[in-house]
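Please open the model in a viewer and keep the selection tool at hand.

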Amino acid sequence: MSTTVKQLRAFVAVARTQSLAEASAQLHVSQPAISIAVRSLEESLGGALFSRDGRQLVLTPEGAQFVDRAQQLLHNWDNTLDAVQQRFQLQQGQLSLAAIPAFAMNQLPDLLREFHRQHPAINIVLEDIVMERVVNAVQEGRAELGFSFRPDDLGNLVFHPIATDRFVAVLPAGHKQGKRKEVRWQELGAEPFIAMNRGSAVRRWTDAAFAQALDPGAKPRLLCEANQLSTIGRLVQSGLGVSAVPSLCRAQMESYGLICRPLSAPIVAHEVGVLTKSIGALSTPAQAFLALSTGKSIDSAD
């Protein structure tokens with residue numbers, strides 16, 4: 001027979017009051033229920049916890065030794081329940097996020113600011129890493145939510161779309177193409193081009209766009225490669241060349257005094273969203289942040 005929390009509460013109340021009547025009033029439970037709970041606990045433990053001394057119930061030596069431990073067990077139980085309830089109520093807890101740098105630098109700060117305003121007690125851990133590592137972070141459980149472009153292969157992950165991102169040309173101030181509403185990839189390829197590093201998703205997409213836009217066998221005038229979008233912006237700012245980046249970075253590039261124009265022929269667009277393992281596997285803070293990010297209510301039963 002297993003011991004229950006109700007049995008421990010009944011035992012501790014009787015031990016404190018030495019009276020079934022007072023324990024009953026304290027716990028708002030009938031005297032027979034208190035008596036049954038104590039008797040069941042004694043049967044489970046294999047011996048008497050109380051002996052009668054007139055009308056009072058007196059602890060046996062075993063009962064006296066057990067009462068402190070029972071009180072500690074109840075204290076730990078109540079603290080554990082309180083901690084879980086606080087997590088469900090977003091009064092404490094931790095949220096782990098991973099995000100591609102373009103999202104982390106340009107879109108995530110406003111989301112984090114609003115989330116912190118609503119839930120100031122939640123501690124946030126953030127990794128700003130390349131797309132492939134965002135996917136790995138969510139798959140391996142290091143991050144509950146991963147902000148990224150939609151991967152070609154989702155595997156066991158779920159993708160929650162936020163928006164569709166279109167690539168833009170990044171031009172230095174005063175550039176002749178800056179007067180146009182759109183820039184063609186072929187025109188961009190004729191300029192000294194500053195590219196993202198090989199192996200990145202942005203580089204794969206720009207290479208594919210140039211392959212489609214340029215004449216067979218022709219290649220863009222690659223000037224240099226960089227690992228960070230901020231570095232690309234500074235190099236364009238210095239007048240070394242032009243570049244192409246996701247429109248996620250538009251505000252960042254314009255803050256450097258650069259001109260951004262939509263790219264066409266072809267239009268390169270990709271969904272941006274949140275990667276998760278599944279809705280049901282998310283903590284309450286993660287569900288709240290996912291709802292804030294997507295603008296949709298999250299049903300944890302999905």
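Select helix 1 and helix 3 (residues 31–45), which pack at an angle of about 105 degrees with their axes 8 Å apart. Helices are DSSP runs of H or I of at least four residues, numbered from the N terminus; axes are lines fitted to C-alpha atoms over the stretch in contact, and angles run from 0 to 180 degrees between N-to-C directions. Helix 1 and helix 3 are therefore roughly perpendicular, a term for angles of 65 to 115 degrees, whereas under 35 degrees counts as roughly parallel, over 145 as roughly antiparallel and the rest as oblique.

This is a predicted model, in which local features need pLDDT of at least 70 and side-chain atom pairs count only at pLDDT 80 or more, while totals for chains, interfaces and linings use all residues. Residues are numbered from 1 along each chain as its sequence is written, and side-chain values use heavy atoms, leaving out hydrogens and water.

Next, display the side chains between these two helices. Gln7, Leu8, Ala10, Phe11 and Val14 of helix 1 meet Ile34, Ala37, Val38, Ser40 and Leu41 of helix 3, where contact means heavy atoms within 4.5 Å. These residues divide into eight nonpolar, two polar and no charged. Ala, Val, Leu, Ile, Met, Phe, Trp, Tyr, Cys and Pro count as nonpolar, Asp, Glu, Lys and Arg as charged, and the others, Gly among them, as polar.

On the helix 1 side, the contact is made by Arg9, Ala10, Ala13, Val14, Arg16 and Thr17; on the helix 2 side, by Leu20, Glu22, Ala23, Gln26 and Leu27. By class, six of the contact residues are nonpolar, two polar and three charged.

Now turn to the aromatic rings. A search of the whole structure finds ten aromatic pairs, meaning rings of Phe, Tyr and Trp (its six-membered ring) with centres within 6.5 Å; planes under 30 degrees apart count as stacked, over 60 as edge-to-face and the rest as tilted. Select Trp185 and Phe210, an edge-to-face pair at 5.1 Å centre to centre, with 90 degrees between the planes. Trp185 lies in helix 8 (residues 185–189) and Phe210 in helix 9 (residues 201–213), so the pair ties together parts 25 residues apart in sequence. Trp185 is buried, at 0% relative accessible area; buried means under 20%, exposed over 50% and partly exposed in between, with a 1.4 Å probe and protein chains only. Phe210 is also buried, at 3%.
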